[in-house]
Amino acid sequence: MNDNYRYFEEVIGPLRQNRRFDPGALSENEEWWSGHYEFLKERGYMLRPRYRPGWKPSYDPKGPFRGTRAEDGQTMLHAAIMDALRTSDSLVVAMKRIEISTDEDQIATIFSDDSHNSDPRNHCVRIVEVLLVPEGDEKILVMEWMRRVMNPRFRTVGEAVQFLKEMVEGLQYMHQHNVAHRDCSINNMAMEANAMYTRPYHPIRPKKRYDWSGRALHHSRTRCPPRYYLIDFDQSRMYDPSQPRPKEYALKSGGYTPPEGSEGTPCDPFATDVFLLGNLIRTSFLDVFHGFEFLRPLVEDMIMDDPSERPSMDEVALRFFDIIDKLPWWKLRARAVKKDEFPLAKPFRALYHVFWTASMMLLLKPAIPSPKPLH
């Protein structure tokens, strides 16, 4: 799908359905952020030109593209999330607006402290800072800006294995610390991909550079491994390890409802997490790509209808790593081929992949590309 068309369908299309949408003006949510421009600037965060005082569109609001091709025409992707630059080091950050009464930041900040940050198994998103909004009952969570896990595409089986490895470790780590995510679909996993990009990409139009000067070029995940994180803890729960873990009603996550959710029966939230992770592997890899059948037996156990028959995350991790350890190098370096790939393109892409793989091996890049440890 053409990038401009995709952007129009995913971002501008829904906005136009809102009768109040005006391509030459800010939306109600955007006005809230623009109204806090000075506050955020004082705290060291700079909003894009669109949200600065006195902004006037550089494009014709009544033109054929209605701002979609202009940098200051890029609107928010999510009503509660804004992007900004940290002025101290030009790091692109995400700022999430939440109610002050919510527990989301408590769980997120727990996994962001020094003791958890030093553990390589912790793959919960790091909270850079929590800002208390001067007026009202809201606060802002500041995090490093991340992008969708599936974009850019996975080139190899090993690249996808690394993503799944980090998510298995991350969810196991949460469970070991008595926290259930409860909404761990692909939509609540993200990729910190700054190492992949030669120049920063734009947060709203990631195929373009941040400064809008051209296309954002990137290396493969094998050459410059990204990091993957579990995000969005607004449905998460922390439990007292000295007490029996209470049962919870399962939530619809990523468009899928666990069997226990359809039946309206509360169950162990850890078992629901196991289902959601297994369902993610099934719907995003087994059903989409060739070459991941080695995970099917594990996935089928993870998505059992009866929650009590599903393995725990400790068991999932043990079986997952045992499976991965037995995979040969050529399997891990094999091309991740989509099941709906255009047949005539396959031989050309396969030939290119042979030469690309040889170059990665000459550079001594591992088949399962893991990022450097955080300091």
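User: Buried means under 20% relative accessible area, exposed over 50%, and partly exposed in between (1.4 Å probe, protein chains only). Where does that put Asn-178: buried, partly exposed or exposed?
Analyst: This is a predicted model, where local features need pLDDT of at least 70, side-chain atom pairs count only at pLDDT 80 or more, and totals for chains, interfaces and linings use all residues. Residues are numbered from 1 along each chain as its sequence is written, and side-chain values use heavy atoms, without hydrogens or water. The relative accessibility of Asn-178 is 23%, so this residue is partly exposed.

User: Where does Asn-178 lie?
Analyst: Helices (H or I, at least four residues) and strands (E, at least two) are DSSP runs, numbered from the N terminus. Asn-178 lies in the loop between α6 and β7 (179-180).

User: What is the phi of Asn-178?
Analyst: Most residues other than glycine have a negative phi. Asn-178 is not a glycine, yet its phi is positive. The value is about 65 degrees.

User: Asp-232 also has a positive phi although it is not a glycine. Which loop holds Asp-232?
Analyst: The phi of Asp-232 is about 60 degrees. Asp-232 sits in the loop between β9 (227-230) and β10 (237-238).

User: The peptide bond from Asn-151 to Pro-152: cis or trans?
Analyst: Most peptide bonds are trans. Pro-152 is in the loop between β6 (147-148) and α6 (157-176). Omega for the bond from Asn-151 to Pro-152 is near 5 degrees, and the bond is cis.

User: How far is Cys-267 from the nearest cysteine sulfur, and how many disulfides are in the whole structure?
Analyst: Cys-267 is in no disulfide; the sulfur of Cys-184 is nearest, 12 Å away. Cys-267 has 7% relative accessibility, so it counts as buried. For disulfides, a search of the whole structure finds zero.

User: How many aromatic pairs are there?
Analyst: Rings of Phe, Tyr and Trp (its six-membered ring) pair if their centres lie within 6.5 Å; planes under 30 degrees apart are stacked, over 60 edge-to-face, and the rest tilted. By this rule, the count of aromatic pairs is 13.

User: What kind of pair do Tyr-197 and Tyr-201 form?
Analyst: Both tyrosines, Tyr-197 and Tyr-201, are buried. Their centres are 4.9 Å apart. The planes of Tyr-197 and Tyr-201 make an angle of 50 degrees, and the pair is tilted.

User: How far apart in space are Trp-33 and Ile-81?
Analyst: Trp-33 is in helix α2 (residues 28-35). With a relative accessible area of 0%, Trp-33 is buried. In sequence, Trp-33 and Ile-81 are 48 residues apart. In space, C-alpha to C-alpha, they are apart by 9.5 Å.

User: Ile-100: buried, partly exposed or exposed?
Analyst: Ile-100 is in the loop between β3 (91-99) and α4 (104-110). Its relative accessibility is 43%, so Ile-100 is partly exposed.

Notes. A disulfide is a pair of cysteine sulfur atoms within 2.5 Å.
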